[in-house]
Amino acid sequence: MPQQLAIIVLVDVGNALASSTLEGNTYLFDNMKLHGSENQGTAELVTAINGSYWRDGSQASEQVLNWLPYSLGSIPPTVPRGYEVERARQTDEQALAELQELAAKSTVPSADAEVELNRIRRSVGTRVKTTRRTRGRMSGQKIVDVMGQVVTEDATAAASYPAPVITDIYGEAVDSKIMYPAEYGSPDMVTDGWYWSATVDTSRPGTYSYMMRVQLHKLVQTNGELRWDPVNLTCASALKITNEPRRNAFTKAGIGQLPIPSSTARPGQGA
């Protein structure tokens, strides 16, 4: 079983939507920095894929990659996917309790009662409209900010953007049959159960580019209703495949038994 590498695609969604491009708004990371990956934390990441051969020169196995898209300045990805639903339920319960308290105070309409009703209405927040293209996790959800507080339609600038969604991976590495990407389902409670993964043919060293199609969501208001409209953008990255032999991470030598200097006194000897 080959080691699985993770590539984090961190997107500044607000700026990307404002400028209609992922250029300058995407930051890529992987866990191969100490093994030769270049340009970590930038949009020009080159992922190193090493150690794909045994000592005799034969191919050991294919490399597996996993892409993990996240949104910069949104609710942390470690928060379970049911968080928004739970916050909506809590605000509904709080509003009902406040309405009951208000009704018990006075049954006569007044200016103070109207002000209090408006305050309660704002505390309930606003739900986004469900459309054919936004069914699923975002359907009918309330809009929340990065702190998990619901916001109303006149304060959507503080809204937390949904996580980016990778919808396709293509380009030179795929066309050259170096990389075989596909979308897989998973019971993972954080990534919403879907992720992109790929196997890489490590028998042909070289640098190969590839493209990612990333879907963002923009909050728009139409006919007095809010909805998340999908926006499709693209960004590029690359793989650098080498045929360097696998090395021991401690000794930097080949894989095998750890070298033990003969002059080193073992515990209990030479005392």
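Me: What am I looking at, and how is it numbered?
Reply: This is a predicted model, where local features need pLDDT of at least 70, side-chain atom pairs count only at pLDDT 80 or more, and totals for chains, interfaces and linings use all residues. Residues are numbered from 1 along each chain as its sequence is written, and side-chain values use heavy atoms, leaving out hydrogens and water.

Me: Back to E38. What does it form a salt bridge with?
Reply: K240, with the closest N and O atoms 3.6 Å apart. E38 sits in the loop between β2 (26-30) and β3 (46-49) and K240 in strand β9, so the pair links distant parts of the chain, 202 residues apart. Helices (H or I, at least four residues) and strands (E, at least two) are DSSP runs, numbered from the N terminus.

Me: How many salt bridges are there?
Reply: A salt bridge is a side-chain nitrogen of Lys or Arg within 4 Å of a carboxyl oxygen of Asp or Glu. By this rule there are eight.

Me: What does K142 pair with?
Reply: D92, with the closest N and O atoms 2.7 Å apart. K142 lies in the loop between α3 and β5 and D92 in helix α2 (residues 83-105), so the pair ties together parts 50 residues apart in sequence. K142 is buried, because its relative accessible area is 6%.

Me: Switching to the inside. Which residues have the most contacts in the largest nonpolar core?
Reply: L65, W67, M179, Y210, M212 and L216, in a core of 31 residues. β8 gives the most to this core, with five residues. Such a core is a set of buried Ala, Val, Leu, Ile, Met, Phe, Trp, Tyr and Cys residues joined through side-chain atoms within 4.5 Å.

Me: What does W67 touch?
Reply: Setting aside neighbours within four places in sequence, W67 is in contact (heavy atoms within 4.5 Å) with residues including I7, V9, M179, Y210 and M212.

Me: And helix α3, what span should it have?
Reply: The expected span is 1.5 Å times one less than the number of residues. For the 14 residues of α3 that comes to 20 Å, and the end C-alpha atoms are 20 Å apart, which agrees.

Me: What comes just after α3?
Reply: G125, which takes a positive phi of about 90°.

How values were computed. Buried < 20%, exposed > 50% of the residue type's maximum accessible area, 1.4 Å probe, protein only.
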